Amino acid sequence: MAEAPLYFSAADRQRLEPHLPPPQTSSRTSSHSQATDLSPPSCSALPFVSLTFATSLDSALSLGPGIRTTLSGPQSKAMTHYLRTRHDAICVGVGTAIADDPGLNSRLDTDEGSSRNTVSVTAHQPRPIIIDPRLRWDFTAQSKVMRLAREGKGLAPYIVTLQKEPPVQKKEILEGVGGKFISLNAAHDDEEKIGGTRRLDWRAILSAVRQEGLRSIMIEGGAEVINSLLGEEANLVDSVIVTIAPVWLGRGGVTVSPPRTHNVNRPVARLSDTMWMPLGDDVVLCGRIAR
Ligand SMILES: NC(=O)C1=CN([C@@H]2O[C@H](COP(=O)(O)OP(=O)(O)OC[C@H]3O[C@@H](n4cnc5c(N)ncnc54)[C@H](O)[C@@H]3O)[C@@H](O)[C@H]2O)C=CC1
Ligand SMILES: Nc1nc(O)c(N)c(N[C@@H]2O[C@H](COP(=O)(O)O)[C@@H](O)[C@H]2O)n1
């Protein structure tokens with residue numbers, strides 16, 4: 001079924017502005033990053049990081065592993081697509097890439113007020129970044145994000161991996177539409193061992209993204225990605241924008257619930273400077289992680 005046009009009003013855009021990456025010509029800088037610095041990035045420079053996702057009232061991102069689940073209503077969906085136009089990159093973990101076959105482009109309609117028969121796809125598209133350390137994502141030329149890139153409706157993904165030599169056939173598909181693999185060097189401090197699984201340090205991932213000239217990144221999920229960024233690496237997050245849908249998905253969902261810190265008497269993370277914005281039946285909560 002064709003997707004309804006996605007409109008996001010000028011008034012709503014203005015309300016979101018304090019929670020978005022600064023325009024690149026502005027002189028404002030984020031607390032830890034050099035998002036507005038126009039000089040070549042140093043190794044330690046990081047992009048402006050927004051954590052943006054949609055959740056149910058029982059903190060679920062989806063009905064279960066592998067189940068693509070619509071939570072956002074049309075207005076909050078349009079907001080997400082506006083956010084996609086306001087970031088240089090959009091990131092998901094491989095679990096999401098496999099479960100959702102996502103497009104990761106912006107389909108915001110820029111023709112508000114004109115004939116609604118014509119949908120003009122927005123000019124600015126974010127660069128999809130997929131975190132796939134072991135190359136589990138068995139993408140093909142028909143995967144949605146590849147197809148959209150081929151059709152000029154989005155950008156091809158960069159896949160961040162620990163594999164030094166990705167399969168030649170996958171490389172050809174990816175590079176054929178303008179994407180690439182970014183292999184991080186596990187021989188440096190990019191990797192830590194937690195619970196037997198090899199993980200990439202988010203600082204290393206973000207630094208690699210910034211080295212690609214990408215100054216801002218919205219991280220959409222899924223649960224493993226969000227839970228890690230709300231835990232010990234929360235200091236890397238500049239802005240949090242959560243769509244809350246008025247629905248309970250029930251037990252068995254894929255949930256946002258970061259691991260406890262050592263001090264069990266303290267919350268793991270809290271938002272400050274909050275702004276609540278009703279959009280249709282949903283509410284969008286914006287804030288910063290309290291330091
Ligand atoms: N409602 C919403 O806004 C969203 C919902 N989702 C849902 O979330 C679910 C997927 O979530 P998950 O299964 O938790 O998968 P995920 O998308 O968080 O991917 C997890 C995988 O990513 C890799 N990864 C993530 N962080 C890493 C790190 N620091 N170092 C190395 N590898 C890392 C690992 O291979 C890990 O197994 C799907 O059902 C999807 O539909 C996903 C995004 C947004
Ligand atoms: N904002 C939001 N609301 C929902 O209800 C969702 N299910 C998601 N999911 C995220 O969006 C990706 C799908 O993107 P495309 O529409 O295919 O471009 C999905 O993979 C999640 O990252 N987000």
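**Exercise 1.** How many bridges join strand β3 to strand β9, and do the two run parallel or antiparallel?

*Solution.* The model is predicted: local features need pLDDT of at least 70, side-chain atom pairs count only at pLDDT 80 or more, and totals for chains, interfaces and linings use all residues. Residues are numbered from 1 along each chain as its sequence is written, while chains are lettered from A and ligands numbered from 1 in the order in which they are written.

Step 1. Strands are DSSP runs of E with at least two residues, and helices are runs of H or I with at least four, numbered from the N terminus; two strands pair if DSSP finds at least two bridges between them.

Step 2. Residues 89-93 form β3 and residues 216-221 form β9; four bridges join these parallel strands. Within this pairing, V92 stands opposite G221.

**Exercise 2.** State the strand order of the open sheet and identify its edge strands.

*Solution.* Step 1. The nine strands follow the order β6-β5-β4-β3-β9-β1-β10-β13-β12, with mixed pairing.

Step 2. β6 (180-183) and β12 (271-279) each pair on one side only, and are thus the edges.

**Exercise 3.** Describe how β13 pairs with β10 and β12.

*Solution.* Step 1. β10 (residues 239-244) and β13 (residues 282-289) run antiparallel, joined by five bridges; V242 has L285 as its bridge partner.

Step 2. Seven bridges connect β12 and β13, also in the antiparallel sense, with M275 opposite C286.

Step 3. Two residues lie between the strands of the β12 and β13 hairpin, in which G280 takes a positive phi near 60°.
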